[in-house]
Amino acid sequence: MENDQTQSGLRVEDFRTQIDGKETSLCILTNKSGTEVTVTNYGAKIVSLMVPDKNGQLTDVVTGHRSIHDYLTSEEPYFGAICGRYGNRIAKGRFTLDGTVYDKLAINNGPNSLHGGVKGFNAVVWDMEQVDQQTVRLQYTSADGEEGFPGTLTVEVTYHWTDANELAIAYHATTDQPTVLNLTNHSYFNLSGAGDPSIGDHLLMIDADDYLPTDETAIPLGPKATVEGTPMDFRELHRVGERIDEPFEQLIIGKGYDHTYVLNRTSDGPPVFCAQCVSPKTGIVMDTYTTEPGVQLYTGNWMTGNFEGKKGQRYPMRAALCLETQHFPDSPNKPDYPSTVLRPGEVFESTTVYAFSVEY
């Protein structure tokens, strides 16, 4: 963290301020090949991620801002962030747990609660410790009742940047009361380089035979549905923009893809393959592996291009995509879904890996 400037042109001093009495900063991770990831403890956000393209040119593949001030005033609060306590949506901001109704969750996305509320984990300052040149550990304690959720929850997130250009994200959490928990990282990727205007040409494959159709407010209707014969089918590589504007109800509702895919394989052990994304322009390939049961594909349908990013670029509609590994939306209200309940004495653990390589 002693370096003054990053490969992506960020200045560490531009990320130093005080929020809620806690200091913010920027952590720089580098591996033996010289590639780099930067992380701020405000929202545990990934700010930049530099990997080589097919010509060996280092390319920043995540959207973001150039200063802490820009993050604080951004119309897009989730760039690169850890979302919690509950990533994705809970219908009408309420759920019942062990017979107790919790109905004070913030309604911040239509009629629903999104990504933990008004001040979710994306908008708090985490304690940050750089373990070594390639690893940073962030910790946050969420008080009982924070944003309407029960229990004092202690969360630890570790980012490790491997020598093979893999970003491993490990989650660990405990609670002193029964609660619900769904953690995810909300990085927005453009493998042609952040600021490239469209991910429509990106090739995408997701290892999922089914997805969760939603109502008009993006809450899953309940049962999963097959991707067979629909534009939701990414079992083989397809261009992201190939079918995104088809008159298919689910795509009309979300102005594009904004859906949870039910992964064919989940793991209690090491992460298993989830998805592959490729930029034909740069040859950069991103393979995603996870222990989670689902992945939310979001194609930046609500991006506006209203503000400038890290190097003065703008991020218009569909200028990036997200592959948010997670449990399912609204699981606390849908007992048939994999449980998101965490109880005292239990440990929540989850791992996701974004592995980068080049296709020539």
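Reply: Start with pairing. Two strands pair if DSSP finds at least two bridges between them. Keep in mind that this is a predicted model.

Me: Which residue stands opposite Y261?

Reply: V295, in strand β25, stands opposite Y261. Strand β25 covers residues 294–298, and β22 pairs with it in the antiparallel sense over five bridges.

Me: Which residue stands opposite V262 of β22?

Reply: That is D210. Strand β19 (residues 210–211) pairs with β22 over two bridges, again in the antiparallel sense.

Me: Which way do the residues of β22 point?

Reply: D258, T260 and V262 point one way. H259 and Y261 point the other way.

Me: Is β22 largely enclosed or open?

Reply: Count buried residues, meaning those under 20% relative accessible area. In β22 (residues 258–262), five of the five are buried, so the rest of the structure largely encloses this strand.

Me: What share of the residues in the protein is buried?

Reply: Buried residues are 60% of the 360.

Me: How many helices and strands are there?

Reply: The protein has two helices and 28 strands.

Me: What about charge?

Reply: Count the side chains: 27 are positive and 49 negative. The centres of the two sets lie 4 Å apart.

Terms used
Residues numbered from 1 in each chain as written. Predicted model: local features only at pLDDT ≥ 70, side-chain atom pairs only at ≥ 80, totals over all residues. Heavy atoms only, no water. Helix = DSSP H or I, 4+ residues; strand = E, 2+ residues; numbered from the N terminus. Buried < 20%, exposed > 50% of the residue type's maximum accessible area, 1.4 Å probe, protein only. Lys, Arg positive; Asp, Glu negative; His and termini not counted. Charge placed at Lys NZ, Arg CZ, Asp CG, Glu CD.
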